[in-house]
Amino acid sequence: MSDKTWLFTSESVSEGHPDKVCDRISDAVLDAYLAADPQARVACETLTTTDHVTIAGEVRGPESVLKEVEQIARDAIKDIGYDQPGFSWKTAEVVCRLHAQSSDIAMGVDEGDKGEEGAGDQGIMFGYACNETDELMPAPIQFAHRVLRHMAEDRKSGKQPAFGPDAKSQVTLKYQDGKPVGVDTVVVSTQHVEGVSQDEVREMVKPYIEGAFPDGWSLPDDRLIVNPTGQFIIGGPDGDAGLTGRKIIVDTYGGAAPHGGGAFSGKDPTKVDRSAAYAARYLAKNVVAAGMAERCTIQLSYAIGVARPLSIYADTHGTGAVPPERIEAAIPKVMDLTPRGIREHLDLNKPIYARTAAYGHFGRAPDADGGFSWERTDLAEALEKEV
């Protein structure tokens with residue numbers, strides 16, 4: 001690789017961003033259905049605006065959950081931290097328009113191809129991994145998430161009560177020889193309480209910037225931009241309407257890798273938009289963890305009602321220790337990539353999704369209860385052996 005240098009930027013948004021509020025509510029509804037019935041089908045969309053929430057979509061599961069939807073939404077809003085004029089967990093109007101799943105879609109999934117359970121939709125899904133960070137994620141998006149996650153932790157614990165729930169971060173890194181070597185610019189816009197000046201907010205944000213980057217990386221003071229509009233008091237759905245699924249690049253790789261186009265939140269794991277994207281990340285991460293490449297992109301494609309992927313594509317971006325076609329040949333031998341096979345391998349029929357709704361679906365530590373199972377590297381040895 002040449003010694004060319006370049007800048008690359010990724011952004012993150014906090015759990016209080018209007019779109020992320022919607023993702024959280026949709027995934028909380030999904031979790032409630034899966035807790036009641038692991039085979040439930042859910043495609044839940046949420047819209048938020050000033051003191052209003054609309055929840056709509058298709059479901060197949062216990063009718064008793066429908067009675068809980070309003071409280072599920074209020075609990076999610078409360079946990080995020082909204083109890084302010086214009087949007088509060090106490091006063092927001094919550095409208096539920098969930099209805100039964102389309103029989104045509106259900107037939108394709110239930111009966112599928114030759115009696116196997118079919119994919120819930122057609123589409124292409126991408127997974128990506130690289131060795132830029134310990135989590136095998138692109139560094140700009142991982143650091144952007146880190147800033148906001150730590151700010152949110154201190155806001156919710158009471159350590160930094162001046163922060164509001166709504167925030168954005170943007171991180172620009174300098175690359176040389178294909179590797180991140182330093183931070184160039186950071187932008188943070190954070191909602192805050194009244195009576196706090198822009199300079200005071202800047203000083204409150206600085207420690208989170210300093211703690212987000214590797215030792216030895218420094219950011220010149222004039223390259224930190226905080227609340228460039230001056231003040232940010234009105235935030236969340238009162239400041240801007242939100243919708244489920246509008247932050248798919250924040251959810252994945254920050255623009256460093258392709259995205260198939262389908263959103264994740266609110267969808268049960270029969271929907272390959274979600275489950276196959278998780279499987280593709282799992283495979284790409286295990287390729288890199290096995291030392292077969294420094295960077296890896298995996299693409300899978302599906303047709304509605306057809307069980308097996310139509311195609312499997314691997315790209316190691318010139319960093320591979322083995323030819324990509326050998327990785328492609330090995331993948332179906334070490335993992336069943338039918339919708340049922342993915343769900344069983346990654347144990348996805350669990351209420352583990354609300355936690356994915358902010359700070360990225362990837363680059364997270366696997367949880368003991370099965371959350372973020374697609375972040376495990378337990379397939380590396382089998383892949384390496386097969387290749």
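Contact here means heavy atoms within 4.5 Å. The structure is a predicted model, in which local features need pLDDT of at least 70, side-chain atom pairs count only at pLDDT 80 or more, and totals for chains, interfaces and linings use all residues. Residues are numbered from 1 along each chain as its sequence is written, and side-chain values use heavy atoms, with hydrogens and water left out.

Ile-55 is one of the residues with the most contacts inside the largest nonpolar core. Leaving aside neighbours within four places in sequence, Ile-55 is in contact with Ile-25, Cys-44, Glu-45, Thr-46, Val-69, Ala-73, Val-94, Val-95, Cys-96, Arg-97 and Leu-98. A nonpolar core is a set of buried Ala, Val, Leu, Ile, Met, Phe, Trp, Tyr and Cys residues joined through side-chain atoms within 4.5 Å; buried means under 20% relative accessible area (1.4 Å probe, protein chains only). The largest core has 75 residues. Its largest share, 11 residues, comes from H7. Another core, of 28 residues, lies apart and includes Phe-163 and Val-196.

Helices H7 (residues 272-289) and H9 (residues 339-346) pack at about 60°, with axes 10 Å apart. Helices are DSSP runs (H or I, at least four residues) and strands likewise (E, at least two), numbered from the N terminus. Axes are lines fitted to C-alpha atoms, for helices over the stretch in contact, and angles run from 0 to 180 degrees between N-to-C directions.

In H9, Pro-339, Gly-341, Ile-342, Arg-343 and Leu-346 are buried. The buried residues of H9 pack against H7 and strand S12 (295-302). Just after H9, Asp-347 takes a positive phi of about 55°.

Note on methods
Buried < 20%, exposed > 50% of the residue type's maximum accessible area, 1.4 Å probe, protein only.
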